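Here is a short report for a first look at this structure. Keep the sequence and the 3D view open while you read.

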Amino acid sequence: MALCEAGQASIHHVRPWLGSELCPVTLPAARQCIEILKQQREQGYGITYLLLHNERCLGMGLINYIHPVHKSANLGFWIRPDACGKGLAVGLARTLVKLAFSQMGLQRIELLIEPGNKSSQRVAIKLGAEKEGVCRKRIFGRDALLFSLTD
């Protein structure tokens with residue numbers, strides 16, 4: 001399965017930030033990941049896009065933690081290392097942001113980014129996101145930079 005192979009190539013830079021559930025490295029884990037993401041979509045929790053090219057998974061983007069009352073959500077993404085630097089993260093994130101604002105009716109998208117992840121910070125800036133500050137111990141007990149986009 002393409003997701004499993006991409007997870008194997010990406011796990012070392014994805015796991016510390018997103019955990020291993022969103023970057024599966026075995027076929028059973030990939031199947032379980034797909035099933036969980038499908039259930040979450042059906043429950044209104046989030047949507048996930050796999051970035052595929054020629055039957056090869058290049059990464060994943062997701063909108064999750066959707067808050068129906070406040071009309072806000074989180075935007076996350078990862079791109080496998082050998083596909084980085086080609087604008088794929090920006091393109092994937094732009095597509096998800098457009099979907100979130102135009103079709104899902106959200107008014108605010110948040111991006112939580114590891115302070116040392118300069119690539120993801122550049123993606124946020126290219127999207128037009130505003131840096132709001134540092135959220136202490138926000139992700140797995142680690143600090144995160146908070147960026148936001150508003151409709």
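## Overall fold

Which pattern does the chain follow, read along the sequence? The pattern is α-α-β-β-β-α-β-α-β-β. The chain holds 4 helices and 6 strands. Helices (H or I, at least four residues) and strands (E, at least two) are DSSP runs, numbered from the N terminus. The radius of gyration is 15 Å, close to the 15 Å from the globule rule for 151 residues, so the chain is as compact as a globular protein of that length. That radius is taken over C-alpha atoms, and the globule rule is 2.2 Å times the number of residues to the power 0.38.

This is a predicted model: local features need pLDDT of at least 70, side-chain atom pairs count only at pLDDT 80 or more, and totals for chains, interfaces and linings use all residues. Residues are numbered from 1 along each chain as its sequence is written, and side-chain values use heavy atoms, with hydrogens and water left out.

Along its principal axes, the C-alpha trace spans about 35 × 35 × 30 Å. Buried residues make up 42% of the 151 residues. Buried means under 20% relative accessible area, exposed means over 50%, and partly exposed lies in between (1.4 Å probe, protein chains only).

Helix H1 covers residues 2-18. A straight helix of 17 residues would span 24 Å at 1.5 Å a residue, but H1 spans only 19 Å between its end C-alpha atoms. The expected span is 1.5 Å times one less than the number of residues. Where does H1 bend? The bend is at Ile11, and its angle is about 80°. Such a bend is the angle between axes fitted to the seven residues ending at a residue and the seven starting there. Just after H1, Gly19 takes a positive phi of about 80°.

Several residues of H1 are buried: Leu3, Cys4, Ala6, Gly7, Ser10, Ile11, Val14 and Trp17. An α-helix has 3.6 residues a turn, so residues three or four places apart point the same way. Gly7 has a relative accessible area of 0%. Its C-alpha atom is separated by 5.0 Å from that of Val25, 18 residues apart along the chain.

Met1, Leu27, Ile34, Leu50 and Leu52 make a nonpolar surface patch of about 420 Å². Patches are made of residues with over 30% relative accessible area and no salt bridge; like charges are joined within 9 Å, nonpolar side chains (Val, Leu, Ile, Met, Phe, Trp, Tyr) within 5 Å. Accessible areas come from the Shrake-Rupley method with a 1.4 Å probe; for residues, only the protein chains shown count as cover.

Which elements each supply at least two residues of the patch? They are helix H2 (27-42) and strand S1 (47-53). Ile34 lies in H2. Ile34 is partly exposed, with a relative accessible area of 34%.

## Salt bridges

How many salt bridges does the structure hold? It holds 6. A salt bridge is a side-chain nitrogen of Lys or Arg within 4 Å of a carboxyl oxygen of Asp or Glu. One of them joins the side chains of Asp82 and Arg56 (2.4 Å, N to O). Asp82 lies in the loop between strand S3 (72-79) and helix H3 (88-103), and Arg56 in strand S2, so the pair ties together parts that are 26 residues apart in sequence. Asp82 is partly exposed at 42%, and Arg56 is partly exposed at 32%.

Asp82 also forms a salt bridge with Arg80, the closest N and O atoms being 2.7 Å apart. Arg80 is buried, at 2% relative accessibility. Another salt bridge links Glu132 and Arg108, with closest N and O atoms 2.7 Å apart. Glu132 lies in strand S5 (residues 130-139) and Arg108 in strand S4 (residues 108-113), so this pair ties together parts that are 24 residues apart in sequence. Salt bridges that share partners join Glu5, Arg56, Arg80 and Asp82 into one network.

## Positive phi away from glycine

Asn54 has a positive phi of about 50° although it is not a glycine. Asn54 lies in the loop between S1 and strand S2 (56-67). Asn54 is exposed, at 67% relative accessibility.

Tyr65 also has a positive phi of about 50° and is not a glycine. Tyr65 is found in strand S2. Tyr65 is exposed, with a relative accessible area of 55%.
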